[in-house]
Amino acid sequence: MNADTGKELFVLLVEDDHDLADVTQAALQHEGMQVAVAYDGREGLEMADRLRPQVIVTDLVMPVVDGLEMIKRLGERPPPRSPVVAVSAVGSRLRAARELGAADVLLKPVDPAELLHSVRKAARTIH
């Protein structure tokens, strides 16, 4: 894996907005990353266990299990844990995500270059 270029980096994207998930997945794949998509936090937790992604990018406002609960549950699991990049339009949720252990937080709308930088940086901090 080359975390600097994104080649061979495996990312789990958790986003309930299907259109935004498609655009984000395409942007990450364009940089050579492999991307699996979950559409709510429960599905994201299941896929994180099964697929063991190198980085998880998650929205924070979602149905079923929201992103904050997902980050909390991931943090309770034994290492190694995939670092999480949290994205939200709600600033207070970003602060909460950081407090729960998110590797990085980004305010929506997210600039694709900023997301790529955050994913690459998070990949270097696998705990």
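Predicted model: local features only at pLDDT ≥ 70, side-chain atom pairs only at ≥ 80, totals over all residues.

Trainee: Which residues touch the most other members of the largest nonpolar core?

Mentor: In soluble globular proteins, nonpolar side chains tend to be buried together. Here the largest such core has 21 residues, and Leu 12 and Ile 56 touch the most other members. Strands E1 (10-14), E2 (34-38) and E4 (84-88) each supply at least two residues of this core, as do helices H2 (41-51), H3 (67-75) and H4 (91-99). H3 gives the largest share, four residues.

Trainee: What does Ile 56 touch, apart from residues up to four places away in sequence?

Mentor: Its contacts beyond that range include Leu 12, Val 14, Ala 48, Met 70, Leu 74 and Val 84. There is also a second, separate core of 18 residues, with Val 85, Leu 115, Leu 116 and Ala 123 among them.

Trainee: Which residues of H3 are buried?

Mentor: They are Gly 67, Leu 68, Met 70, Ile 71 and Leu 74. Viewed down the helix axis, the buried residues of H3 fall within an arc of 160 degrees, so they line one face of the helix. Their cover includes E1, H2, strand E3 (55-59), E4 and H4. At the start of H3, a side-chain oxygen of Asp 66 comes to within 3.2 Å of the backbone nitrogen of Leu 68.

Trainee: Is Thr 24 buried or exposed?

Mentor: Thr 24 has a relative accessible area of 14%; buried means under 20%, so Thr 24 counts as buried. Thr 24 lies in helix H1 (residues 18-30) and, leaving aside residues up to four places away in sequence, touches Leu 13 and Leu 115.

How values were computed: Residues numbered from 1 in each chain as written. Heavy atoms only, no water. Core = buried A, V, L, I, M, F, W, Y, C linked by side-chain atoms within 4.5 Å. Buried < 20%, exposed > 50% of the residue type's maximum accessible area, 1.4 Å probe, protein only. Contact = heavy atoms within 4.5 Å. Arc of directions from axis to C-beta. Polar contact = N/O pair within 3.5 Å; in protein donor to acceptor, adjacent residues only side chain to side chain.
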